[in-house]
Amino acid sequence: MGLAPHAPPAVARVALLGTGTVGSAVLARLASWHGTTQAGRLSLVHVANTRQSASDRAGLLPGDAVQRLALAPQHSALEQVEAALGNEGARIVIDATASEAVADRHAHWLARGLHVVTACKIGQGTSLSRWRAIRAATLAGDTRYGDSATVGAGLPLLRSLRELQSGGDRIHAIAGVLSGSLAWLFNQYDGMRPFSALVRQARDAGYTEPDPRDDLSGEDVRRKLLILARSAGVELDAGDVEVTSLVPPELAILSRDSLDGALPALDAPLRRRFAEAYKRGERLRFIARLQDGRARVGLEALPFDHPLAGGAGTDNRVAIWSDRYRTQPLVIQGPGAGAEVTAAGLLDDVLKICRATDE
């Protein structure tokens, strides 16, 4: 008696929210998969940005999605997502936005049976209550929350923490360079060229947010550290993280239009910090730390041979101390910023969900 043939894998329906830098990279990566096994697993049925949305239950071609969106007459609304994805089979929302409103819908979608994959740190990296709501919703809806791209742009940081713990290891401390833009700034800074000039260069190259204070304040790093801490079993709230901003008060109060001319206020304090560190044979790095239940974010001077003092470009570099890695930490390093690596991290999580729904 012959074996029954295997049924082909089910096709997951996908909604992409956000068509900016990261969302466009997701569409480009999907388009590059044309004719591959990966492409056969997914059907893009809904694309939306803040202005418009386009849906097609038969599937949208990734390469044509932006044009379809531009021609769409309808206004964009988050309520359209569930209708577009339907009621059966694997349904996945990819959140490529930085939207508070979208992050607020994550738990709702998860509880309703929709999987969510995101690069947005607002869902898991802000209030503890929202993080708990997302966890509860995955249980209620028997769904998955793909968050690999929220910290390290898809580097195996969260996965490593979870796998260590599932193997019985205990996490003792985490420290790292978690901002690609701040990594680039302090890899480039030599105490000679004004720091403000580097900030302008980083902004113009797209390494920082359009308002570089969003990076220099350490708020983005706070959110990433909260996600790592909570994944390591330390349920901190946002206010539990001590953040030392690089933005002096006189810059913090300015409008964005007035900021550029005032950036030289950064130069003298950082020149002093660099000179002091240089005399001691140290390097400046913007570090996030979790140890003994305490978390802090800020600029540190590290010895040249410190595990976090190396790196190049926009690399993230994270050290994890655990039972297994007690004296010499596990160090994970790689590109921590960039639309292409972030898009790859998002779609890796999408394909993991596809594989899990086949089991």
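The model is a predicted one, in which local features need pLDDT of at least 70 and side-chain atom pairs count only at pLDDT 80 or more, while totals for chains, interfaces and linings use all residues. Residues are numbered from 1 along each chain as its sequence is written, and side-chain values use heavy atoms, with hydrogens and water left out. Helices (H or I, at least four residues) and strands (E, at least two) are DSSP runs numbered from the N terminus.

**Annotated region**

- An unreviewed UniProt entry places the feature "domain: Homoserine dehydrogenase catalytic" at residues 156-351; such annotations may be inferred rather than shown by experiment.
- Over residues 156-351 the chain is 42% helix and 22% strand, with the end C-alpha atoms 15 Å apart.

**The six-stranded sheet**

- Six strands form an open sheet in the order β8-β10-β9-β7-β11-β12, with mixed pairing, where two strands pair if DSSP finds at least two bridges between them.
- The edge strands, each pairing on one side only, are β8 (241-243) and β12 (330-335), and the twist from one strand to the next averages 25 degrees.
- Strands β7 (residues 171-177) and β9 (residues 282-291) run antiparallel and are joined by four bridges; Gly-176 stands opposite Ala-288 in β9.
- Helix α15 (residues 267-279) packs on the sheet, touching β9 and β10 (294-303), and its direction makes about 95 degrees with that of β9; contact means heavy atoms within 4.5 Å, and angles run from 0 to 180 degrees between N-to-C directions of axes fitted to C-alpha atoms, for helices over the stretch in contact.

**Aromatic pairs**

- A search of the whole structure finds five aromatic pairs, a pair being rings of Phe, Tyr or Trp (its six-membered ring) with centres within 6.5 Å, counted as stacked with planes under 30 degrees apart, edge-to-face over 60 and tilted for the rest.
- The rings of Trp-184 and Tyr-207 have centres 5.2 Å apart and planes at 50 degrees, so this pair is tilted.
- This pair links distant parts of the chain, 23 residues apart, with Trp-184 in helix α9 (residues 180-188) and Tyr-207 in the loop between α10 (195-204) and α11 (213-216).
- Trp-184 is buried at a relative accessible area of 7%, whereas Tyr-207 is partly exposed at 36%; buried means under 20% relative accessible area, exposed over 50% and partly exposed in between (1.4 Å probe, protein chains only).
- Ring pairs also link Phe-186, Tyr-189, Phe-195, Phe-274 and Tyr-278 into a cluster.

**Nonpolar cores**

- The largest nonpolar core has 47 residues, of which Leu-185, Phe-186, Phe-195 and Leu-216 touch the most other members; a core is a set of buried Ala, Val, Leu, Ile, Met, Phe, Trp, Tyr and Cys residues joined through side-chain atoms within 4.5 Å.
- Helix α12 (residues 219-231) gives the largest share of this core, six residues.
- A second, separate core of 32 residues includes Val-14, Val-117, Ala-149 and Leu-347.
- Leaving out residues up to four places away in sequence, Phe-186 touches residues including Phe-195, Leu-246, Leu-284 and Phe-286.

- Strands β4 and β5 run parallel and are joined by four bridges, with Thr-118 in β5 as the bridge partner of Asp-95.
- Ala-90 lies in the loop between α4 (80-85) and β4 (91-95) and counts as buried at 14% relative accessibility.
- Beyond its neighbours within four places in sequence, Ala-90 is in contact with Ala-12, Arg-13 and Thr-357.
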